[in-house]
Amino acid sequence: MRDSPPDTERRPVTEELHGEAIVDPYRWLEDDDEAVEAWVAAQNEYADGVLDTDTRDALRPAFERVARVTDYGAVTAAGGRYFQTIEEPEEDHGVLYVRDSFDEEPRTLVDPNAFDGEAASMNWFTVGPDGERVAYGYDEGGQEQYDVRVVDAATGELIDEVPDAGRVNPGGFAWTDDGFYSIRTGGPGDGEQLQKALYSHEHAEEADADELLTDAFSEHAWPELAYDEETDTLLAAVHEGTTHTDLYRVDPDAEESLTPLLTDYDATFAPHVASDAGEVHLLTNHEADFSRVLTADVGTFATGEDLDPDEFTETIPETDAVLQDVTVAGDSLVANHLRDASSELSVWEDGEQAETLPAPEFCTVDGVDSDDDGEQLFYVVHDFEAPDRLIRYRLDGGDAAPETVGQADVELGVDVAVGQEFFESADGTEVPAFVVHREGLDPAGAAPTVLYGYGGFRIPQTPSFWRFAGPFLDAGGVFVVANLRGGTEYGEPWHEAGMREDKQNVFDDFYAVAEGLIDAGYTDTDHLGAYGGSNGGLLTGAALTQRPDLWAGILCTVPLLDMLRFHRFLLGESWTVEYGSPDDEDAFEYIREYSPYHNVEEREYPATMFKTAAGDTRVHPSHARKMTALVQDHQTSDEPIVLRTETDTGHGVGKSTEMIVEEQVDQWTWLCDRLGADVSE
């Protein structure tokens, strides 16, 4: 194994952006040729040497134990059937099961473990409203480029397949009597992932005979489909980034296939069709920073155009908690709110709150679905202390308590205390964070501490069961999840305060939590680590270049780091709505100020591990490659700067249990060794 990083050849490329000469010494690492492959292999060899410690040997058996258990997915109910993935200890992927009564034994519908190829997986599934058909996304290598396969729910027989459908997903999928509508994209190799098209597919037809309805979607748009079978009404909610939605009716026979319904509003709209009631429910932040639900009859959407949302009925008003999602359950609506980054589930009838469901103090609720009659509700509860619980709750009256109908037999191996603390950011904003540690721990100002953050794209950071954190917590570690601006923990204003020209707020929030943990006596700079991935990788990249003094170690996974070129690769252009575009002179100025790759200088940097994947079709691996080379070249201390590149996988989906264990062993070995957590005992 290598005991030092490989030398990286500098091949400077200079380009002028808005009057400034930008020099990129490692532009050649954006390629995927033999020279880059050899360099990546050498970096992996160096990383292997750094990670080959007693900590690694101690963690592996513990991680195998917590990974090889029975895991239960959320339940989807339709047509009197119940669909669910369950992964047994000996399996690498969850198997899709179906049952005609939830209380009977399930039968296998799709078994990804039997697919040809070790890297093949089923990354999503969607059930027809009558429960007769199921479509799923078949993927190889975690690249999120799907073949759509349709199976008969009664027999498991493959009845249809659409190959090479691109980044199709359940949100861009709508069933018809004899087929389905879907949003498809091109592939990453030809740069066409951002080219979306709406197709109509009939089961009896070959895929190449599908009807193209429209491809009039911008690079920044991600369409979501909703369909009402009774009126044959197809709705397309075209989300431009994360801040704006245009809602259309799709008219296949019209000269202009997209008829505007709600297109002149600075708001988001997500349609939920309740065909039995003949209604469409819109989850929206129109004139409601914390969101609400507006409802109108399907006929309004089937025949109207240029609608006025102020004429709709408000069926869930805005409250002092943030409405994240809504589920139709018979004649009721089930609202999933977020209060101080924890979930609250409630039932609404005729615009009034009828019931609040019991939940832990700090938790996340997702996977909410009901049976056809709205009598049974299924959902998953996550928290920091116990593994995910699949819950069945009866909405048909009575005093029955929520019933746990699935939970992995796994424990952290340590009793933990969970609290929520608030820290003052640079501009005075109070930023919450969840603080998790061993019960009774006295950190004495020097506890190994991992601070995790994300801060963007309206994605809140809420409680979850970090099963691989057990040995770290048992060794006296503190695990902290920060609720930075950029998410929707406090509605759309919280999101907007962490995007575009205000992106620096996210970084400042992160530093405020870090410094607050030190001031509170949890840790010090010799034992504090920063951890984040994807947009959170941008966060930790900024933490490395802006505040290297704060950290003993950094874990930066699948990151964006060259923010002057992010928009030129894969899905990057679609993210300019969130970050701004470097092609715009005003945006260039503030992006240039924080872009991690352009703020590396010769100095002492904390130990940092960059992680990426060769098959990532979201964030190009060149971000991590180039940043690794640049920081290695400018590092003046002996602290290691390493790059770990995974193969046969992508941004994160579709990984086998074996791959997940290897990934987690790498990451927690790095964190424990860098922060001084002794897990060998």
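**Close-up views of a predicted model**

**View 1. Asp306, an exposed loop residue.** Asp306 counts as exposed, at 52% relative accessibility. The model is predicted. Asp306 belongs to the loop that joins helix H3 (298-303) and strand E22 (313-316). Its phi is positive, about 50°, although Asp306 is not a glycine. Most residues other than glycine have a negative phi.

View 2. Arg500 sits in the loop between helix H5 (491-496) and helix H6 (504-519). Its relative accessible area is 31%, so Arg500 is partly exposed.

**View 3. A four-stranded open sheet.** The strand order is E27-E28-E29-E30, with antiparallel pairing. Strand E27 (364-370) and strand E30 (403-407) are the edges, and each pairs on one side only. From one strand to the next, the twist averages 25°. Six bridges join strand E28 (residues 376-382) to strand E29 (residues 389-394) in the antiparallel sense. Gln376 has Arg394, in E29, as its bridge partner.

**View 4. His634 in helix H10.** The helix covers residues 622-634. His634 has a relative accessible area of 16%, so the residue is buried. Its side chain reaches the backbone oxygen of Leu630 at 2.9 Å. Leaving aside residues up to four places away in sequence, His634 touches Val600, Glu601, Glu602, Arg603 and Tyr605.

**View 5. Aromatic pairs.** The structure holds 28 of them. One is Phe457 with Trp575: ring centres are 6.5 Å apart and planes lie at 80°, so the pair is edge-to-face. Phe457 is in the loop between strand E33 (449-452) and helix H4 (470-474), and Trp575 is in the loop between strand E36 (553-557) and helix H8 (576-579), so the pair ties together parts 118 residues apart in sequence. Both Phe457 and Trp575 are buried. Phe566 and Tyr579 also pair edge-to-face, because their planes stand at 85°, with centres 5.4 Å apart. Phe566 lies in the loop between E36 and H8, while Tyr579 lies in helix H8, so this pair links parts 13 residues apart in sequence. Phe566 is buried, with a relative accessible area of 1%. Tyr579 counts as buried at 1% relative accessibility.

**View 6. An aromatic cluster.** Its members are Tyr452, Trp466, Phe472, Phe479, Tyr531 and Trp668.

**View 7. Arginines over ring faces.** Arg11 lies over the face of Trp28, 4.2 Å from the ring centre. Arg149 lies over the face of Phe115, at 5.6 Å from the ring centre.

Terms used: Residues numbered from 1 in each chain as written. Predicted model: local features only at pLDDT ≥ 70, side-chain atom pairs only at ≥ 80, totals over all residues. Heavy atoms only, no water. Pairing = 2+ DSSP bridges. Helix = DSSP H or I, 4+ residues; strand = E, 2+ residues; numbered from the N terminus. Axes fitted to C-alpha atoms, helices over the stretch in contact; angles between N-to-C directions. Buried < 20%, exposed > 50% of the residue type's maximum accessible area, 1.4 Å probe, protein only. Polar contact = N/O pair within 3.5 Å; in protein donor to acceptor, adjacent residues only side chain to side chain. Contact = heavy atoms within 4.5 Å. Phe/Tyr/Trp six-rings, centres within 6.5 Å; stacked < 30°, edge-to-face > 60°. Lys NZ or Arg CZ within 6 Å of the ring centre and 35° of its normal.
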